[in-house]
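Biologist: I've got a model open and I'd like to learn how to read it. Could you walk me through some features?

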Amino acid sequence: MTADVLVIGSGAAGLTAALNLAEKHSVAVVAKGALGEGATSWAQGGIAAVLEEGDSFEAHVNDTMIAGAGLNDRKVVEHVVSEAPHAIARLIELGVPFATEGDALHLTREGGHSHRRIVHVADATGYAIQQALEEAAAKHPNITLVPDMVAIDLITGRHAAHFSTSGAVHGLYAYNRKKKRVETLTGRATILATGGAGRAYLYSTAPRGATGDGIAMAWRAGCRISNMEFMQFHPTCLYNLQVKNFLITEAVRGEGGQLKLPPGVKGAGTRFMPRFDERAELAPRDIVARAIDHEIKRLGLDYVHLDISHRDEDFIRSHFPNIYEKLLALGIDITREPIPVVPAQHYTCGGVVVDLDGRTDSAGLYAAGEVTQSGLHGANRLASNSLLECLVFGEAAAKHIAEHWNDLPDVPAIRAWDESRVTDSDEEVVIAQTWGEIRRFMWNYVGIVRTTKRLERAKRRIDMLRQEVQEYYAHFRVTPDLIELRNLVEVADLIVRSALNRHESRGLHYTIDYPDQLAKPKDTVLVP
């Protein structure tokens, strides 16, 4: 298959890029599973934008810098924040039904923000945005939507009929789930919009497909990867043995929800956040997650309580309809009782290094969204800046491709995928076992609170598993599970190496061995 531009990933970043390119170019949007299975659909909170009287771009920039512990690139933060109102206007044009109050958009507040500036669709903003973007893309004659294609590797000059070391990217090899075969997809430009690497952890709010594919592929293709040690843990994921990965949005705390100790311990029913930070429940996520983790470990708890039942019943139902319905079906009435919550991995703040135009180190390769390290989030992402990043960088990448079309590398003749020396796997159990092993030790050794000893233990295990996976990959035909496992080992290694490199505690990276912050913030950059 060939198109002018290949977009890998069908969430907010990928579809925004596709819609901006499709006026002049043919675009193929490649999705790993169904189109709406990425992280965008799961985003409950909303999009941060300066729209309230009394708020300012400067305040939004400062809030972002404070949350990011000063590691953000100020120029990038200023650019993204100033583009936010335009991004919201584009979504309204596409028909996203944002909540309103009178004639204005209703704005809510989340942790780390000094003003109300979160534009939302009740508590299911991401889903509404995904639907609107998908609908627009499906209608566009220049966009081809290609679901059920699992990306394996980016195609570079090494895969050309005439071998080249130029480092340029010409497309990708992907496994077609329906036809059960590997296909070659080429384009003059390729945009990575593949999301994060949350599934490297045992507990994560990330969708099933968040296995760091884009980060691993870009690394193998020769791109720098940065700040992978900054894994954001969402403080409040529902604790329920039947339901995995259900997030309780930050906005519950923004609207007065309180974190309390559960029954059966000393101080049951009392708030604990004021002991950790003067902003209490509205402190940035890293502080709240560490506080919950501290109380769980100190008291030997399974969970803590998040309680908003003191607010008016109608208010709760109208503001959080999806959470109310979902929990009611599980026997929890949030208008009358608290919600059991635990922290869970939530967002990958590091990733592929990009500039303001979404360009990576490889000619012809761009990236946008959670797969990147753009300089926006620094050491900790501010709530509701993630969808904003997708929209701004998706558009920026598209704009740069369109304006520099003639400078992009030509696509050479590419060799077809070679399966002549492999056989079908004889022991799929290896994949499940290794996957489980990685997620467990990443949770226990590379979690919310770290030590050098734990990180070194994790590194030894990764080195051993990596060798096993490489051997397995060399001998057997690829399957979706094997492709994901290969990427998962790669990103776990990048996370641990980055964490071992940082000899301080900053933002999301908290280590007992280096509790202080260094005077000068510096990115961790890994070079292939």
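## Reading the fold together

Modeller: Happy to. Keep in mind that this is a predicted model. Let's begin with strand pairing: in β8, T144 is the bridge partner of A28.

Biologist: How many bridges are there between β2 and β8, and in which sense do they pair?

Modeller: There are 4 bridges, and β2 and strand β8 (residues 143–146) pair in the parallel sense. β2 also pairs with strand β1 (residues 5–8): 4 bridges join them, and they run parallel. Within that pairing, V7 has V29 of β2 as its bridge partner.

Biologist: What does the chain pass through on its way from β1 to β2?

Modeller: It goes through helix α1 (residues 12–21), and this β-α-β crossover is right-handed.

Biologist: What is the strand order of the sheet that holds β2?

Modeller: It's an open sheet of 5 strands, ordered β8-β2-β1-β12-β19, with parallel pairing. β8 and β19 (365–367) stand at the edges with a single partner strand each, so one side of each has no neighbour in the sheet. On average, neighbouring strands here are turned by 20° against each other, direction ignored.

Biologist: Next, burial. Are the residues of β2 buried or exposed?

Modeller: Buried, on both faces of strand β2 (residues 27–30): V27 and V29 are on one side, A28 and V30 on the other.

Biologist: And why would you call α1 largely enclosed?

Modeller: Count its buried residues: 9 of the 10 residues of α1 are buried, so the rest of the structure largely encloses it. The buried residues are A12, A13, G14, L15, T16, A17, A18, L19 and L21.

Biologist: What covers the buried residues of α1?

Modeller: The cover includes β1, β2, α4 (125–139), β8, β12 (189–192) and α10 (386–403). As for direction, α1 lies across β1, β2, β8 and β12, and runs at about 170° to β2.

Biologist: How should I think about a nonpolar core?

Modeller: The general idea is that nonpolar side chains tend to be buried together in soluble globular proteins. In this model, the largest nonpolar core has 70 residues, and L154, L192, M442 and V446 touch the most other members. Helix α13 (residues 480–501) gives the most to this core, with 11 residues.

Biologist: Which residues does L154 touch?

Modeller: Leaving out residues up to four places away in sequence, L154 touches I8, H159, V169, G171, L172, T190, L192, M217, A218, A221 and L365. There is also a second, separate core of 53 residues, which includes L15, I129, A132 and A193.

Biologist: Can we try a single polar residue? Where is S41?

Modeller: S41 sits in the loop between β2 and β3 (47–48). Its relative accessible area is 16%, so S41 counts as buried, since buried means under 20%.

Biologist: What is S41 in contact with?

Modeller: Setting aside neighbours within four places in sequence, S41 is in contact with G36, G126, Y127 and Q130. With G36 there's a polar detail to look at: a polar atom of the S41 side chain lies 2.9 Å from the backbone oxygen of G36.

Biologist: Where are A280 and S384?

Modeller: A280 is in the loop between β15 (258–260) and α7 (285–299), while S384 lies in the loop between β20 (372–373) and α10. A280 counts as buried at 9% relative accessibility, and S384 counts as buried at 5%.

Methods: Residues numbered from 1 in each chain as written. Predicted model: local features only at pLDDT ≥ 70, side-chain atom pairs only at ≥ 80, totals over all residues. Heavy atoms only, no water. Buried < 20%, exposed > 50% of the residue type's maximum accessible area, 1.4 Å probe, protein only. Helix = DSSP H or I, 4+ residues; strand = E, 2+ residues; numbered from the N terminus. Pairing = 2+ DSSP bridges. Right-handed = clockwise from strand over helix to strand, strands pointing away. Core = buried A, V, L, I, M, F, W, Y, C linked by side-chain atoms within 4.5 Å. Contact = heavy atoms within 4.5 Å. Axes fitted to C-alpha atoms, helices over the stretch in contact; angles between N-to-C directions. Polar contact = N/O pair within 3.5 Å; in protein donor to acceptor, adjacent residues only side chain to side chain.
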